[in-house]
Amino acid sequence: MTQLIIYFKKGDEIVKARKIAILFLLGAVINLCLPQAGLASAATRQQERAVKRVLVENKVNGVALVNGHGQRARVISNEQTTDQDKQVHANRLFPVASLQKLMTGIAVLTLVNDNKLALTSPLSAYQPRLPYANQITVNRLMTHMSGLHTKGAEIKHPLIGEGAQRKYALAHVNSTGKYKWHYDDLDFVMLAAIIHWTSHQSYRHYLTSRVLQPAGVHVKFYDQVQQREVPQLLTEKGQWSSLQLAMSKELGSGEIFCTPLAYWQFFHRALLDQPSRLAQFTQGRVGSGETYFGGMYLEGPYLHANGYLKGYSCTFYSNYHTRQTIMLFANNLSYRQLRKINPQLHHAYYGDWRREQKKINAY
């Protein structure tokens, strides 16, 4: 090993200086050999071709996003139509459905970290008349273990304003007192309401100011978007009015439009770039089997979520150790088709096969 030797006047200190120099160089070499924190290796051409093949073989009309250089995403497009009104683009607004739940989950943890809320806080602090509310904690809402079920009811016109959204949710809730896994958007509707009740701000304002703006991300809500801004369904079965109707009921759980690139930015800046926040999601919740928390399924080392609403589907997988991430946004898949494609995408990008969790299968 080449030694950097620093000489001093006192003979005793020459040896000390030599040792310090050797340790310094050794540390520099180790640092160069280790992957840089916060950066994932860009997808190889082989990975890109494999992902593209999955899109082509399944006739997906949409885009996949994979790691590019730095924090940038590399976009893999696959168009099944020449109709520009129906093409999905990485910078075009898209209804991300349940992928919004992660945004709500991060907003909840922000309140927790500000000591304004606790995961043990009961729903009875806000809704004391709701049956079993004293046993329904924020943590149970974050894990879909609240025992709350939605009592469905049709609406003829989109709900206007958060007050109407909260009123609708509270009028159509069935509190069972059975605290077992049950995926229901109502859990995150309640979390959005708790964010409002705790912060004394609207859910929109709190989410925007404390979660999205710090990440440099802009979204639009269901009542802020015009039809021409969004890719229409490839099939003729869906209607714009039915999408807006459905989204208006999804306070905190599926009411936003976001471009694929903006969601990629949110996921990295608001989660992967925040070690302490990421640890809140992963520590103690991964490695013990099937787990869900704060808007994602967690099965170390992968984070995963699906979004589906009225013919629009999206999904992501992310290895939180390597930061390798793949996302898909499409407007011509059924939920069953999305689930079929998921393991194919995972294999194409990560090179291994992953069985879907039973909790995902039960949805």
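R204 counts as buried because its relative accessibility is 17%, where buried means under 20% relative accessible area, exposed over 50% and partly exposed in between (1.4 Å probe, protein chains only). The model is predicted, so local features need pLDDT of at least 70 and side-chain atom pairs count only at pLDDT 80 or more, whereas totals for chains, interfaces and linings use all residues. Residues are numbered from 1 along each chain as its sequence is written, and side-chain values use heavy atoms, with hydrogens and water left out.

R204 meets D223 in a salt bridge (3.0 Å, N to O), that is, a side-chain nitrogen of Lys or Arg within 4 Å of a carboxyl oxygen of Asp or Glu. D223, at 39% relative accessibility, counts as partly exposed. By this rule there are eight salt bridges. Among them, R74 pairs with E48 at 2.5 Å, N to O. R74 lies in strand β2 (residues 73–78) and E48 in helix α2 (residues 45–57), so the bridge ties together parts 26 residues apart in sequence; helices (H or I, at least four residues) and strands (E, at least two) are DSSP runs, numbered from the N terminus. Both R74 and E48 are buried.

The structure also holds 17 aromatic pairs, in which ring centres of Phe, Tyr or Trp (its six-membered ring) lie within 6.5 Å; planes under 30 degrees apart count as stacked, over 60 as edge-to-face and the rest as tilted. The ring centres of F94 and F329 are 5.6 Å apart and their planes stand at 80 degrees, so this pair is edge-to-face. F94 and F329 are both buried.
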